[in-house]
Amino acid sequence: RYYHLKPSLMENAIPLPLMFQRADLAFLAKAPGFLSLFITVVLLTLLWSRKETFSWFKSQRITSAGIRWIVLIAWVCMSMNNIWKVPMYAGMDWTEHLKYIEYVASTWRLPLPSEGWQMFQPPLYYFISALLYNILVPIFSWENVLVLLRIVPLACGALQIELCWRAVRYAYPGREDLQIIGTVVGGLLPMNLYISQFIGNEPLSGCLSGLVVVLAIRYLRSPTAFSLRFFVLIGIFLGLALLTKLTAILLVPPVLLAIIWANH
């Protein structure tokens, strides 16, 4: 099954972008709706910040934790619907990521960068997916295995919703309104919605990097409450992020600055 790529899966791959408007024209066409939504959110935020003045707002029990669960349930529903419907060719470089997975699943060794377009990538995501691949291959057809490999990025996308909620919770304690807005905006970021539905290492990298950011924000809130275990954890997750995608190295300077600042 190594490099088992069927030509039928690549049909209509090139014309797909031509079905959409240019980004700037699409944005201008939707600008009135975006502006209305922005004004509505601003007004609701102002009202929520003065909720003690309004009896209707006092009686409401909307919490950021509840909104987090709503977004997560919506994510699960979207995943169950889209996993079988969205074509594989809509994912970026999915064939090359699949080659890496099949290479590891067949040989259980690291490829050389010269052995494929994406073979230079760090191996963590591909080893996890290769393990899942070998579990699924005896049970399902090859086409269904490709679909089910999306479980890993979809799970990472769901975890990023949880991480987003925890990040705004630590950043804005006591501000349910800002926590709710941050959870909704962060949980429904278009790039997370898109890239988490396809084979690739980006969602796992984003998930592990997000965990490092959450730990750093929590440390900034109360540095004296943390022990050596915190630094071990942040080192482990930063290392795992680097083993998924090298761009996680960009987190090192801000994390170090956060630790220095908190102990200044």
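Helix 10 and helix 12 are roughly parallel to each other, a label given to angles under 35 degrees. Helices here are DSSP runs (H or I, at least four residues), numbered from the N terminus. The structure is a predicted model, in which local features need pLDDT of at least 70 and side-chain atom pairs count only at pLDDT 80 or more, while totals for chains, interfaces and linings use all residues. Residues are numbered from 1 along each chain as its sequence is written, and side-chain values use heavy atoms, with hydrogens and water left out.

The axes of helix 10 and helix 12 (residues 252–262) cross at roughly 10° and come within 9 Å. These axes are lines fitted to C-alpha atoms over the stretch in contact, with angles running from 0 to 180 degrees between N-to-C directions. From helix 10, Val212, Tyr219 and Leu220 meet Val255, Ala258, Ile259, Trp261 and Ala262 of helix 12, where contact means heavy atoms within 4.5 Å.

The largest nonpolar core contains 33 residues, and Ile101, Tyr125, Tyr133 and Leu149 have the most contacts inside it. Such a core is a set of buried Ala, Val, Leu, Ile, Met, Phe, Trp, Tyr and Cys residues joined through side-chain atoms within 4.5 Å; buried means under 20% relative accessible area, exposed over 50%, and partly exposed in between (1.4 Å probe, protein chains only). At least two residues of this core come from each of helix 4 (94–107), helix 5 (124–136), helix 6 (142–148), helix 7 (151–171) and helix 10 (202–221). Helix 4 gives the most, with seven residues.

Asp93, in the loop between helix 3 (64–82) and helix 4, has a phi of about 55° although it is not a glycine. Asp93 is partly exposed, at 31% relative accessibility. Trp108 lies in the loop between helix 4 and helix 5; it is not a glycine either, yet its phi is positive, about 50°. Trp108 is partly exposed, with a relative accessible area of 40%.

A search of the whole structure finds zero disulfides, a disulfide being a pair of cysteine sulfur atoms within 2.5 Å. For Cys156, the nearest cysteine sulfur is that of Cys207, 4.9 Å away. Cys156 is buried, with a relative accessible area of 6%, and Cys207 is buried as well, at 9%.

Helix 8 (residues 176–187) has twelve residues and reaches 16 Å from its first C-alpha to its last, close to the expected 16 Å, which is 1.5 Å times one less than its number of residues. Its buried residues are Asp177, Gln179, Ile180, Gly182, Thr183, Gly186 and Gly187.

Definitions and conventions:
Parallel < 35°, antiparallel > 145°, perpendicular 65-115°, else oblique.
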